[in-house]
Amino acid sequence: MIDGDKSSTKSVSLTPIEFFIKNKGERFVLGDDPRNIGEQKIFSAAPYSVDGREGYVYIVLAGKKFQEVSDNLLNQYFTKLGIGATLLTMLFSLVIGLLAIWFLTKNLRLITKTVRKFHDGDLQARIANPENSDIEVFANSFNEMADSIVGNMDKMQSVDLLRRELIANVSHDLRTPLAILKGYIETLQIKNDTLSEEQKQEYLQITHDNVDKLSNLINQLFEYSKLEAEQVTPVKEPFSITELSHDLIAKFRVIAEQKQINLQLDNPEENCMVFADVSLVERALQNLIENALKYTQANGKVTLSLQKKGKNVEINITDTGTGIPVNEQPFIFDRYKQVDKSAKKQGYGLGLAIVKKIMDLHDTTITVLSRPKEGSSFIFHLPAYQV
C-alpha cells in the first residue's frame, strides 16, 4: 500500500477509520493521506481478521497521479475563475463608470440643451432651479447672460421703434415750414408785380420766421441725436446759476414783452453757486423758458426762482399758462405724444426731451406740477457749490 517515497508515512489515524466503519460509510469523513503527510483525502476502509490478528484494509481513493491531475484541473479552474472574475470586474467597472459619467454630466447636458434652445430662437429658455444644480454658478451665469441679451434686444427694438417715430414726426414738422416757405415764395414770384411793398415785406417776414423755425428744429434734432447717442460728456465746474438766470431773463424779456407776459427772476439778490455743466444747464433753462412763454397767454406771468435747499439749489420755472392735462403729464418729456389715432401727432417737441436728457447727464430728475388752465411748474435740483 505504501511505496518508498520519503514523504510517505507508515501510520494513519484510526479515528476517521473507526468513524467510517461505525457509520457504515454513510457519513462523509476524510482520512490521513499516507503519501502526503498532513493532508487528508477520501478513503475507504474495512476490518479483517487473519490467524487471530485483526486490522483494517485502508484504501486512499486518490493516488499520486490522480492528485496531480486534480491539482492541474484545480489550477486551471482557478485560472479561468480569475480571468472570469477579472472580466466581470472590468465589465462592472465600465458600467459603474458610464453611470457615473452620465450622472455627473446630467446637469451639463441640461445646460447644453437649454443653450441650444436659446440659440435656436427660444429667448425664454432658462435653466430651472439653478440652486439645485451641481454647477449653480454656471447656471446662474447663463440665466443672467440670457436676461441681459434679451434686455438689450428689447432696448434696441424700443430705440429703433422710437427712432422711426422720431423721423416720422420730425418729417411732419419739417414739412409744415417748408410748405409755408414754398407757398409764400411762389406767391412772391407769381404776384410780384401786383403786390404792394407792404405785402412783400409781410411775406418776406413770414418766410424769414419759418426759416428760423426750420433751422431751430434741425438744430434741436441734431442736439437731441447727440444726447441720445451719448456723445455728449458734461464738463462740470462751479458757476453762478444766479448770473446765468439774469442773462437768460434779459435775453427773453423782449419776446415776453411782445407777448405781454411778465417775465421775472425770483430771489435775484442771493448768489447761488452750483457744480454742473454751464452750457448744458443754460440750454435746459432756455428750453424751459421758451416752453413757458409758448403756452402762457397775454397778461400772464413766467417766473424763474432759485432757492438753496440743503446741499442743493432748487430751480423752478413757473408759468400761468394753459397747464398740462393730467393724462398727458407722464409723457411730456417724450419726444412726441400721440394724442389721438385719428389726429396728427402732437406734443411738446424736442425741447423738453432735450431737458430730460440733460438732467440725466447730471444724475438728477425734473418734476412737473401742473393743473389745466392754472399753469405749470418745472422743478429740478443741482448740487450747490461752496466757495
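Predicted model: local features only at pLDDT ≥ 70, side-chain atom pairs only at ≥ 80, totals over all residues.
**Entry 1: the whole chain**

I started with contacts (heavy atoms within 4.5 Å): among those in the protein chain between residues at least 6 apart in sequence, 65% join residues at least 24 apart. Residues are numbered from 1 along each chain as its sequence is written, and side-chain values use heavy atoms, with hydrogens and water left out.

I then looked up the helices and strands, which are DSSP runs numbered from the N terminus (H or I, at least four residues, for helices; E, at least two, for strands). The protein chain has 8 helices and 10 strands. Of its 387 residues, 31% are buried. Buried means under 20% relative accessible area, exposed over 50%, and partly exposed in between, with a 1.4 Å probe and protein chains only.

**Entry 2: the cores**

I looked for nonpolar cores, meaning sets of buried Ala, Val, Leu, Ile, Met, Phe, Trp, Tyr and Cys residues joined through side-chain atoms within 4.5 Å. The largest has 44 residues, and Ile-241, Leu-285, Ile-315, Ile-317, Phe-378 and Phe-380 have the most contacts inside it. Helix α7 (residues 278-294) gives the most to this core, with 8 residues. I also found a second, separate core of 8 residues, including Ile-111, Phe-118, Ala-125 and Ala-146.

I picked out Ile-315: leaving aside neighbours within four places in sequence, its contacts include Ile-241, Leu-285, Phe-378 and Phe-380.

**Entry 3: α5 against α8**

How far apart are the axes of α5 and α8? I found them 10 Å apart, with helix α5 (residues 197-228) and helix α8 (residues 351-361) packing at an angle of about 30 degrees. Axes here are lines fitted to C-alpha atoms, for helices over the stretch in contact, and angles run from 0 to 180 degrees between N-to-C directions. So α5 is roughly parallel to α8 (under 35 degrees counts as roughly parallel, over 145 as roughly antiparallel, 65 to 115 as roughly perpendicular, the rest as oblique).

On the α5 side I noted Gln-220, Glu-223, Tyr-224, Leu-227 and Glu-228; among the α8 residues they meet are Ile-354 and Lys-357.

**Entry 4: around α8**

Which residues of α8 are buried? My list is Gly-351, Leu-352, Ala-353, Ile-354, Val-355, Ile-358 and Met-359. Their cover includes α5, α7, β9 (366-371) and β10 (375-383). Just after α8, I spotted Asp-363 with a positive phi of about 55 degrees.
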